[in-house]
There are 2 protein chains.
Amino acid sequence: MIEGSEKRREGRRGGRRRDRGSAPARDVDYRNLRHPFPAVPVFSEDRVEAIHDKALRTLEDLGIKILLPEARTLFRDAGALVDDETQMVRIGREIVASALASAPRQFTIRAGAEHRDVQLELGHLTIQSGAGCPNVTDLVHGRRPGSLADFEDLVQLIQGYDVLHMVGPATEPQDVDPAVRHYATMRTILSRSDKVPFVYSRGPEQVADAFEMLRIGRDLSKEAFEAEPRCYTIINTNSPRQIDIPMAQGLIDFARSRQVSIVTPFCLMGAMAPVSIAGALVLSHAEALAGIALTQIARPGAPVCYGAFVSNVDLKSGAPAFGTPEQVKANLAAGQLARKLGLPWRCAAGCAANINDAQAAHETQMSAWGAMLAGCTILVHGAGWIEGGLTLSFEKLITDLETMQVFAELCAPTPVDDAELAFDALQEVAPGGHFFAAAHTMERYQTAFYEPLVADWSNFGTWTERGAKDANTRATEIWKSRLAKPVESHLPEDRSAALDGFIAKRTSEGGAPPVS
Amino acid sequence: MIEGSEKRREGRRGGRRRDRGSAPARDVDYRNLRHPFPAVPVFSEDRVEAIHDKALRTLEDLGIKILLPEARTLFRDAGALVDDETQMVRIGREIVASALASAPRQFTIRAGAEHRDVQLELGHLTIQSGAGCPNVTDLVHGRRPGSLADFEDLVQLIQGYDVLHMVGPATEPQDVDPAVRHYATMRTILSRSDKVPFVYSRGPEQVADAFEMLRIGRDLSKEAFEAEPRCYTIINTNSPRQIDIPMAQGLIDFARSRQVSIVTPFCLMGAMAPVSIAGALVLSHAEALAGIALTQIARPGAPVCYGAFVSNVDLKSGAPAFGTPEQVKANLAAGQLARKLGLPWRCAAGCAANINDAQAAHETQMSAWGAMLAGCTILVHGAGWIEGGLTLSFEKLITDLETMQVFAELCAPTPVDDAELAFDALQEVAPGGHFFAAAHTMERYQTAFYEPLVADWSNFGTWTERGAKDANTRATEIWKSRLAKPVESHLPEDRSAALDGFIAKRTSEGGAPPVS
């Protein structure tokens, strides 16, 4: 059943609504999406139970290597069997059960503006662009290492599309020293966007800096900041069965400040995970449960999301593959496991193509459909991600947004009242005629249908006359035109000055080099 | 639940299976697919009932214009109210109910080889390439009117991929006189393919010729031919509310010979149908019911499929649009109506792009997912269709086949036995290690995953060294290499000679000009 959000608000699409007399509006709030389809299972319930049980056995019998001493101490105090020499932690199922009992099933991340708040709960859908890419590419400047200017442009673009709900780390600004890079990225996000920001877990100092900047930028006391989630991090375990120092530290620090950790093992079947879907899910599930447990031991009730990013490698070359049937099935299975836990959860699209071509579009959409049908709460890498995440393509960001916007449209209810059934129009138009000028059409034509972002539906002759522009050429025009607009600042002047002061002070102190 | 076909046969993928010791096979029979997902509704049941009821009212109160006198006579004899002056036929709901009672809910179309037989029934999935295109395009020869040579090449390509189950009229051989064109196309299909052939309904003479050629080519008596379905036609009504002479004649002739009609109104919302999804469905449903009724009046029990091809136009230009959220929703709604009738049914993907770019891939896959989730029995235009059907792209045929093959893979069951859960492998691989050389991997790596048709998963450096070929360039290499192989004849020599004799005789008689 396609159902709209109960909290759907009128006129949310900014610039898309027009005067349409008394006709019913096609009114879609891209900011507030609920899944339109029932989640689709891939395994029977007893097989889901078998995966869950094998994951618990993995944690109990095989254990997980945790490199951070503080995390091992927390686990030991919670009753886990810890060997400090091997750094192995064996986690009993009662510890996991206790964590799952205290982890909240729904929470809201507060953004810079109320209408940007993100509610994380099974049934809701939020989308994030491609993230974590060291490189960027576009038709104008070519492929290159990401820079701060690129990061600024990407935050600007992400801010401009309601269907992207959070600001992920689209690219890595490699022209900024790693010790002070997080100042530049957080400042950019706070000034150019009012959406929920991502924070990297690269050591306690960087995390503390980011939290402080968020407090300054959003004008919050420490108490107010810790009262509600304001940002999120993504914790990729070091599969198989390992959590490194900054990741474990991030889980602890975010939990203690009541900020959101999304625990996402990145398991490529055949590489860092077994070569079967079920086997990879056992590993991924075990690692996610270990991470979730650590957050709840550090602070019961801390907001945390389950995560799964399971795809396969090309077994001829070992190269990562995305958009495969195996990834779709793994997404569906992960959704079953998430629903078993009852936690909001993160899934992902993906694309291994080297250019934004038909392969790239196929792979991102195929895997995104897997995430959609799995009922994911957060769809990561929904737009722009190519080369298995090594590069963020500006053109693909735009063309994938078309797919994400169509998903958002599918989330909206479809009216079927008498007026929509259009019997009068059928009566009005003679056999063999057309409906272009029917009264029913005239009342509705301005808002009846989704207006595409990048699709060109003109016929071949017109399209040729207009320069035979392919989707990438048109996407280039779109992002260039977006970036040519004046930048709107989301920071009041005093907040901006206070942020600059903080950054100057911390920079003079040497910043905070990432911990590895 | 992803379930495999109960009749799944081993080793059907031709050339893909390799020796893999005792490990479980990933064995997918692309020739025999069943839907893996429960069909997704878009409307509540009472709204589906409302659409059905309004469609019945449309037929009863407004009527449908039927240009063929014989068809009006059949309807009159069945109790419909017929006005021969206006050619309007008003069809009571009892006539529709009687037709739905006699239309078979499942049947098999016999192909040239048993393993190519197509079972049409709710729950089954068959796929057809793009069809009905006046033009073709490829990177080597450019865009041009379709020729017989192109038609031959396309039949050859369609034959080569198991995931395409029937041979549709991929392009129109415009270099062959329309009076004898059907001899050339049917001869091509019978000699180059053993799959179920399409026959155009372009007048009784052409249809009789095609049936005769099929009898000759497949060595069947008239009785044997009429005992079971052997071919299919697609009847597009002339929306709104009109059925022209060759279409009505086709419905009658196919029914009388117990061959398959697929009644598919082509309803673009805002053009030949109301500008709302529900309104367009009322019209499409009414027309499909009228066509189905005619087949059952002509011969009760004749094999017939319900069809729906509903998308929208761009309301700024009137241009057809595909892959839109409106098309996806219309597909889902049509599936609900088809399930209400209980008949096998035809749905469609679509693409309005002018070139095989990211827009094209997005649109075909988006609409194809709509058809998949709608539970369609026949997915038409699954590969190669661009420009809203004006052109068949050789490259897009190949790149879309990747999407169709992934769908086929999703139809296969996903094992979760103890071996798949891979606990031993988890035990074998140390934390932070990898599974490339694990025993579990070594046993399975040759058949574990789908092997892509056109995707290139090499990294950017390797991909660049190899010529930085985009998906279209690689697709060109694939179809060229396929066509470079020797043509396998599916016609024994005596059948071939008999066919040639028939064609020579009919050609000397002037052939059979299409009826309009």
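This report describes the two chains of a predicted model, beginning with their arrangement and ending with single residues.

Local features are given for residues with pLDDT of at least 70 and side-chain atom pairs count only at pLDDT 80 or more, whereas totals for chains, interfaces and linings use all residues. Residues are numbered from 1 along each chain as its sequence is written, and chains are lettered from A in the order in which they are written.

## How the two chains are arranged

Two copies of a chain are related by a rotation about an axis and a shift along it. Here a rotation of 180° with 0.0 Å of shift along its axis places chain A on chain B with an RMSD of 0.0 Å, the superposition being by least squares on the C-alpha atoms of residues with pLDDT of at least 70 in both. This is the relation of a two-fold axis. The residue of chain A that comes closest to the rotation axis is A358(A), whose C-alpha lies 2.6 Å from it.

Within chain A, domain 1 covers 99-411 and domain 2 covers 413-444, with bounds that come from an automatic or database domain assignment. The C-alpha centres of domain 1 of chain A and domain 2 of chain A are 44 Å apart.

## Buried positions and the nonpolar core

A residue is called buried if 20 or more other C-beta atoms lie within 10 Å of its own, exposed if 12 or fewer, and partly exposed in between, with C-beta atoms placed from the backbone. L157(A), in helix α4 (residues 148-159) of chain A, counts as buried because it has 23 C-beta neighbours inside 10 Å. Leaving aside neighbours within four places in sequence, L157(A) is in contact with L397(A), W479(A) and R482(A), and its C-alpha is 9.2 Å from that of F394(A), although 237 residues separate L157(A) and F394(A) in sequence.

M166(A) belongs to strand β10 (residues 166-167) of chain A and is buried, with 25 other C-beta atoms within 10 Å. Not counting residues up to four places away in sequence, M166(A) touches V118(A), T126(A), Q128(A), K195(A), V196(A), F198(A) and Y232(A). The C-alpha atoms of M166(A) and R116(A), 50 residues apart along the chain, are separated by 8.5 Å.

A nonpolar core is a set of buried Ala, Val, Leu, Ile, Met, Phe, Trp, Tyr and Cys residues joined through C-beta atoms within 7 Å. The largest such core has 356 residues, of which L281(A) and L281(B) touch the most other members. Apart from neighbours within four places in sequence, the contacts of L281(A) are I51(A), V310(A), A330(A), A333(A), A334(A) and L337(A).

## Helix α2 of chain B

In helix α2 (residues 69-77) of chain B the buried residues are A71(B), R72(B), L74(B) and F75(B). These cover an arc of only 160° around the axis, which puts them on the same side of α2(B); the arc is that of the directions from the helix axis to the C-beta atoms. On the other side of α2(B), T73(B) and D77(B) are exposed. The buried residues of α2(B) pack against β2 (64-66), β3 (81-83), β4 (88-90), α8 (245-256) and α9 (277-298) of chain B. After α2(B) comes G79(B), which has a positive phi near 110°.

## Backbone features

Most residues other than glycine have a negative phi, and most peptide bonds are trans. The table lists backbone features of another kind.

| Residue or bond | Backbone feature |
|---|---|
| S239(A) to P240(A) | cis peptide bond, omega about 0° |
| S239(B) to P240(B) | cis peptide bond, omega near 0° |
| A422(A) | positive phi, near 65° |
| A422(B) | positive phi, near 60° |

P240(A) is in the loop between β12 (232-235) and β13 (242-243) of chain A. A422(A) is in the loop between α13 (418-421) and α14 (423-428) of chain A, and counts as buried because 29 C-beta neighbours lie inside 10 Å.

Methods
Helix = DSSP H or I, 4+ residues; strand = E, 2+ residues; numbered from the N terminus. Contact = placed C-beta atoms within 7 Å.
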